[in-house]
Amino acid sequence: MAKYLITGGAGFIGSSLAEAIVANEGDEVWLVDNLLTGRRENVPGSPRVHFVEGDVNVYDELAPLMNEVGFDHVFHYAAVVGVKRTLAQPVQVLDDIEGIKNVLRLCQKTGVKRVYFSSSSEVYGESIEFPQHEETTPLNSRLPYAIVKNVGEAFFRVYQQEYGLDYTIFRFFNTYGPKQSPDFVVAKFFRAALAGEDLTVYGDGGQSRTFCHIDDNVEATLRIVREGLHVNDVLNLGNDTETSVLELAETIIRVTGSRTKIVHAPPLAEGDMQRRLPDNSKMRALLAREPIPIEEGLRRIAAGLGATRE
């Protein structure tokens with residue numbers, strides 16, 4: 001039996017990972033979340049999932065749990081997220097550095113076997129190299145959210161160098177799925193389409209993303225954990241098929257059968273990178289299959305909402 005801690009565990013990715021962990025008989029998982037963007041209803045209803053409301057940026061709210069339980073694996077997924085939120089509250093974003101330090105200090109102190117960090121494709125900024133490779137693409141974004149992720153990666157590396165604390169860093173590329181927070185683009189477009197409201201696209205909608213279904217993210221993650229793979233390594237976790245934001249809106253309208261319209265708003269002043277395309281060869285090797293195509297993934301969401309139409 002293994003004991004897992006997921007910070008930000010009431011969020012979309014953290015709660016989805018917890019659900020998959022406890023599918024393995026005997027494993028237990030503790031979720032810590034301050035509910036800034038996480039939601040209690042995301043917490044799996046298993047008796048082997050334990051929820052603690054707390055702020056990992058405050059040492060004394062995290063230390064008692066970690067000292068008492070003695071975790072084998074820790075996933076540090078807690079963060080202020082969302083483009084508009086992180087641009088509007090940059091000081092709050094920078095406060096997340098304290099959470100990174102608290103998690104690493106306590107992992108080192110309590111003998112955690114390995115710690116996992118949710119970094120982001122945002123660290124690449126406006127890349128000049130595609131696909132974006134973990135070792136060769138410059139990390140050049142100046143946005144506070146990306147800076148915190150870049151600083152966090154550095155902390156994980158130096159803790160391994162100085163204390164021998166093993167890590168794995170995940171750079172997430174636009175993960176989507178049924179539990180996603182309503183202020184992210186896929187969930188936002190679904191809500192609008194089902195409500196018969198206009199879908200707002202910033203600029204001409206030509207900016208591209210690669211949308212990774214949560215099932216691909218979780219499957220790759222659990223293989224890494226349970227088979228001891230990619231120790232002290234960095235991985236892009238994302239699809240490698242580019243989809244424009246306009247194409248995404250059109251596809252969601254199609255799979256929901258909505259009659260809503262697409263409207264265009266002025267481009268965002270900052271934070272809306274023009275292109276994303278990961279080198280996901282490491283993730284593909286873990287999956288040993290093709291990643292879930294965007295339309296199939298969107299149809300799964302629509303079916304779960306009872307909204308699929310031909």
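Seven strands form an open sheet in the order E3-E2-E1-E4-E5-E6-E11, with parallel pairing. Strand E3 (49–53) and strand E11 (233–237) stand at its edges, each with a single partner strand, so one side of each has no neighbour in the sheet. From one strand to the next, the twist averages 20°. This is a predicted model.

**Inside the sheet**

- Strand E1 (residues 3–7) and strand E2 (residues 28–33) run parallel and are joined by five bridges.
- Threonine 7 has valine 32 in E2 as its bridge partner.
- E6 and E11 also run parallel, and five bridges join them.
- Arginine 171 stands opposite asparagine 236 in E11.

**Helices across the sheet**

- Helix H1 (residues 12–21) lies across E1, E2, strand E4 (73–76) and strand E6 (166–172).
- The angle between H1 and E1 is about 165°.
- Helix H5 (residues 96–110) lies across E1, E4 and strand E5 (114–120).
- H5 runs at about 175° to E4.

- Phenylalanine 51 belongs to strand E3.
- Leucine 31 is 20 residues away from phenylalanine 51 in sequence, yet the C-alpha to C-alpha distance is 4.8 Å.
- Leaving aside residues up to four places away in sequence, phenylalanine 51 touches Ala10, Leu31, Asp33, Leu35, Arg40 and Val43.

- Five of the five residues of E11 are buried, so the strand is largely enclosed by the rest of the structure.
- In a regular strand, side chains alternate between the two faces of the sheet.
- Both faces of E11 are covered. Asp233, Leu235 and Leu237 are buried on one side. Val234 and Asn236 are buried on the other.
- Asn236 is also the residue that arginine 171 stands opposite.

- Threonine 175 is found in strand E7 (residues 175–176).
- Threonine 175 has 7% relative accessibility, so it counts as buried, the cut-off being under 20%.
- Contacts of threonine 175 are Phe12, Ile13, Gln180, Cys212, His213, Ile214 and Asn217, with residues up to four places away in sequence not counted.
- E8 pairs with strand E13 (residues 262–265) in the parallel sense, over four bridges.
- Valine 201 has histidine 264 in E13 as its bridge partner.
- Strand E8 (residues 199–202) has one covered face, with Leu199 and Val201. Its uncovered face carries Thr200 and Tyr202.

**The cavity**

- One cavity of 30 Å³ or more turns up in a search of the whole structure.
- The largest cavity holds about 30 Å³ of space.
- Its lining is made of His76, Ala78, Ala79, Asp96, Ile100, Phe117, Val148 and Lys149.
- By class, the lining has five nonpolar residues, one polar and two charged.
- H5 and helix H6 (144–163) each supply at least two of the lining residues.

**Backbone points to check in the loops**

- The peptide bond from phenylalanine 130 to proline 131 is cis, with omega near -5°.
- Proline 131 sits in the loop between E5 and H6.
- Histidine 230 has phi near 50°, a positive value in a residue other than glycine.
- The loop between helix H8 (214–226) and E11 contains histidine 230. Histidine 230 counts as partly exposed, at 22% relative accessibility.
- Alanine 288 also has a positive phi, near 55°, and is likewise a residue other than glycine.
- Alanine 288 lies in the loop between helix H10 (281–287) and helix H11 (294–304).
- With a relative accessible area of 66%, alanine 288 is exposed, because exposed means over 50%.

Terms used
Residues are numbered from 1 along each chain as its sequence is written. This is a predicted model: local features need pLDDT of at least 70, side-chain atom pairs count only at pLDDT 80 or more; totals for chains, interfaces and linings use all residues. Side-chain values use heavy atoms; hydrogens and water are left out. Two strands pair if DSSP finds at least two bridges between them. Axes are lines fitted to C-alpha atoms, for helices over the stretch in contact, and angles run from 0 to 180 degrees between N-to-C directions. Contact means heavy atoms within 4.5 Å. On a 1 Å grid over the protein atoms alone, a cavity is a set of points where a 1.4 Å probe fits but cannot get out, and a pocket is an open set with protein on both sides within 12 Å along at least five of seven lines; lining residues have an atom within 4 Å of a point. Grid points are joined across faces, edges and corners, and a volume is the space filled by probe spheres set on the points. Ala, Val, Leu, Ile, Met, Phe, Trp, Tyr, Cys and Pro count as nonpolar, Asp, Glu, Lys and Arg as charged, and the others, Gly among them, as polar. Buried means under 20% relative accessible area, exposed over 50%, partly exposed in between (1.4 Å probe, protein chains only).
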